[in-house]
There are 2 protein chains.
Amino acid sequence: MPTQTRSDQRRARTRAALIAAAQKLLAERRTNVPVLEITRLADVGLGSFYNHFTDKDELFETAVDEALERFGSILDLLSDHEDPAVVFGQSLRLTVRLCRREPALTRVLLHRGLEITVADRGLVPRARRDIDAGIAAGRFRNTDSRIAVSIVGGGALSLAALLDADPSLDADAAADDFAINILCMLGLSDSDAVEICRMNLPDVDDLLVRTESA
Amino acid sequence: MPTQTRSDQRRARTRAALIAAAQKLLAERRTNVPVLEITRLADVGLGSFYNHFTDKDELFETAVDEALERFGSILDLLSDHEDPAVVFGQSLRLTVRLCRREPALTRVLLHRGLEITVADRGLVPRARRDIDAGIAAGRFRNTDSRIAVSIVGGGALSLAALLDADPSLDADAAADDFAINILCMLGLSDSDAVEICRMNLPDVDDLLVRTESA
């Protein structure tokens, strides 16, 4: 692994500060600001913006991508299980819980909206991979995974919007109910789906800490 | 029924022209225009705008509401069936087909995005009523219809975005596949869901004509 020089580290810090500022603006739906305001918010010089991004659009796109990848990298920490229905059920239950734990990142994704359900990074390709694995193993119904993943993605976004709008809604219960619905959709019986969604789940805080230090 | 005077008729025509102009702008994502441009597009005088709406926001909100109600009134024409799974299956299959047949109205809804999955008019309250009826009849799983309708609404929007982005996608097949997924989610067996989604469906063009003249 190549050694990071001091200037590499500074460069990486500047880029991270710009992305964090962009995510903050996205969450507040304030993307219509000049570059100068973004660099002020990130506490970096105006000139350094253009060392990293050609324009605002590229920055905001990267900021959404990184929010998706952050969620995705957390799901990647879930331990493997031989039953693809357990693997996918855990991902679904955890994703909705993360929406409650990371409201700012969630608002970034909500602001981008339905576009992310056709994104080729982040959660959607992982969901499609999990669904395809379950179909191949004969655990899920033989169905068109493009339509199934579209329902899962749109349904997750819609539920995230509901949780964002109603802080009193029990996110854990909603997450498990969401996962039960999706597993039934994929062909599991009600009782099998409920059993999977009552299994122990890794601690969300622990997963968040582990991916932050990565 | 009170007789419509000539001035009532003119008033209704002006209002309809303003709403049609607003729907066109929403579909083109050009809502950031002055009122004068809206009245020009509607071919009505600037002053008459304020006889109908207090501001642009009210007009655009009404335009979205009416797009939702247009879709909803089409679903209301579906004949009753004693099996609530058949009723809901038909609604789902027809809704996705309408998205292909009415791309401009669909873009109005896509532009509004996830907000419409919590709207109290249009498709969402109808979907919740149908799901509750199926649960009450013991035909659907006993589940929280708020979460189920959130998945249905988000899934339908996500599929509408997919159809909008890919004109080559077979909308009829996607619509039926969507309905099969949702019926399985609500507890039907794969074979029951497939059977329901192969039943005859009223002609979409015929329904569109009947609601236009209403």
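Q: In which loop of chain B is D43(B) found?
A: In this predicted model, D43(B) has a positive phi of about 60° although it is not a glycine. Most residues other than glycine have a negative phi. As for its place in the chain, D43(B) is found in the loop between α2 (35-42) and α3 (46-52) of chain B.

Q: What is the phi of D43(A), which is not a glycine?
A: D43(A) is found in the loop between α2 (35-42) and α3 (46-52) of chain A, and this residue is exposed, with 10 other C-beta atoms within 10 Å. Although D43(A) is not a glycine, its phi is positive, at about 60°.

Q: Which element gives the most to the side of chain B that touches chain A?
A: In the contact between the chains, 29 residues of chain B meet 29 residues of chain A. The elements giving two or more residues to this side of chain B are α8 (145-165) and α9 (171-185) of chain B. With 13 residues, the element that gives the most is α8(B).

Q: Which residues does L183(B) touch, not counting those up to four places away in sequence?
A: The largest nonpolar core has 134 residues, and L183(B) is among the members that touch the most others, along with A22(B) and F178(B). Leaving out residues up to four places away in sequence, L183(B) touches A85(B), G89(B), L188(B), A193(B) and I196(B).

Methods:
Residues are numbered from 1 along each chain as its sequence is written. Chains are lettered from A and ligands numbered from 1 in the order in which they are written. This is a predicted model: local features need pLDDT of at least 70, side-chain atom pairs count only at pLDDT 80 or more; totals for chains, interfaces and linings use all residues. A nonpolar core is a set of buried Ala, Val, Leu, Ile, Met, Phe, Trp, Tyr and Cys residues joined through C-beta atoms within 7 Å. A residue is buried if 20 or more other C-beta atoms lie within 10 Å of its own, exposed if 12 or fewer, and partly exposed in between; C-beta atoms are placed from the backbone. Two residues are in contact if their C-beta atoms, placed from the backbone, lie within 7 Å. Helices (H or I, at least four residues) and strands (E, at least two) are DSSP runs, numbered from the N terminus.
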